Amino acid sequence: MAQVLKTYERYVAREIYAATGLVLAAFLMLFSFFDLIYEFESIGKSGYQLQHAVGFVLLSVPGRSYELLPIAVLIGSLYALTQLARHSEITVLRASGAATSDFVLTLLKIGSLFVLLTFLIGEFVAPPAEKAAQQLRLSAMSRLVAQEFRTGLWVKDDKAFVNAREVTPEAGLRNVRVYQFDQRFQLQTISEAETGEFRAPDQWVFRNVVETRFEGDRASISKFPEVVWRSGLNPEILSVLLVNPERMSIDRLYRYIGHLSANQQKTDRYEIALWKKFIYPLACLVMLVLALPFAYLQDRMGAVSLKVFAGIMLGVLFNMLNGLFSSLGIINHWTPFVSAITPSVIFVLTATAMLWWSERR
């Protein structure tokens with residue numbers, strides 16, 4: 001029996017991998033098409049042309065793959081297992097003594113590859129691709145990151161507040177103001193600069209600087225062609241503007257959370273995103289287990305198309321719950337770990353209940 005199960009594991013793995021790959025490819029083509037249609041609105045603005053739109057969409061594919069892989073696993077495994085059930089292969093194995101726990105263990109082994117793939121894409125492929133996509137779009141349209149904010153970008157760095165009216169895609173600063181406070185949070189200086197350029201490891205070079213210094217009831221103004229300012233602020237932190245937290249790497253999220261914490265700013269959104277980087281790949285295992293009860297119900301659930309439709313609806317629901325609990329966690333200040341793991345826990349409980357019900361039937 002053990003040898004039969006091992007042979008069957010390889011067979012089931014091939015079927016699930018093939019079905020999931022096909023579903024993922026179909027989803028990526030569909031979403032890329034919609035993304036391209038959306039980009040048509042921007043074609044012709046400044047220097048943004050069709051080739052830029054196509055490049056932007058192609059660079060967005062890794063991020064889309066990361067988001068869609070658990071859903072593709074659910075639909076692909078659901079289709080593959082249902083097909084096996086239609087041919088009575090699962091029924092034969094169950095009649096031969098294979099328990100539900102054997103099937104679950106097999107699916108968890110198969111799903112380990114999906115977990116690893118999702119993690120690698122989300123950590124090493126999607127973040128740089130997403131950043132390159134946003135830089136391509138901004139550069140082609142001659143736009144600046146902070147243009148959409150009425151007063152520009154505001155960043156707190158220790159006892160200084162930095163306001164940049166414009167931030168270039170290369171993380172350069174234009175029309176910069178630095179408000180420096182002392183230990184008692186009294187304003188010491190206001191420095192205005194035309195441009196700011198970062199020099200490693202912790203220096204910014206401001207050019208054409210006008211500094212207003214406050215001393216008691218007096219204020220003095222000085223002008224400098226160039227000023228070097230030491231700060232923990234760096235282009236890596238500014239690049240957060242280009243990438244959604246969910247598509248950032250673990251290292252970048254950790255560093256940015258550290259920067260916000262050091263400056264006593266809220267970190268909820270980024271902490272939830274950090275926990276989701278660890279938990280989201282495990283959703284592939286949850287989806288595989290969730291597909292198993294559908295295979296057990298082959299005699300009571302109509303055609304394969306109905307089950308695939310149910311899988312799509314469950315995938316949409318999972319995505320909605322992910323976004324919902326992230327937002328609720330930020331609004332209600334829930335523990336980031338709880339906000340990140342709750343959707344997966346709900347689906348695990350659902351899969352367990354469905355397996356119990358199908359076993360009872």
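In this predicted model, the axes of helix α2 (residues 50–86) and helix α4 (residues 100–140) come within 6 Å and cross at roughly 160°. Axes are lines fitted to C-alpha atoms, for helices over the stretch in contact, with angles from 0 to 180 degrees between N-to-C directions. Helices (H or I, at least four residues) and strands (E, at least two) are DSSP runs numbered from the N terminus. α2 and α4 are therefore roughly antiparallel to each other (an angle over 145 degrees). The residues of their contact comprise 18 nonpolar, eight polar and two charged; Asp, Glu, Lys and Arg count as charged, Ala, Val, Leu, Ile, Met, Phe, Trp, Tyr, Cys and Pro as nonpolar, and the others, Gly among them, as polar.

An open sheet contains six strands in the order β1-β2-β3-β4-β5-β6, with antiparallel pairing. Strands β1 (153–157) and β6 (218–230) stand at the edges with a single partner each, so one side of each has no neighbour in the sheet. Two strands pair if DSSP finds at least two bridges between them.

| Strand pair | Bridges | Sense |
|---|---|---|
| β1 and β2 (residues 160–167) | five bridges | antiparallel |
| β3 (residues 173–181) and β4 (residues 187–199) | eight bridges | antiparallel |

Lys156 has Phe161 in β2 as its bridge partner, and Leu173 has Gly196 in β4. The hairpin of β1 and β2 has two residues between the strands, and Asp158 in the turn has a positive phi of about 55°.

Residues are numbered from 1 along each chain as its sequence is written. Local features need pLDDT of at least 70, side-chain atom pairs count only at pLDDT 80 or more, and totals for chains, interfaces and linings use all residues, while side-chain values use heavy atoms, without hydrogens and water.

Note on methods. Parallel < 35°, antiparallel > 145°, perpendicular 65-115°, else oblique.
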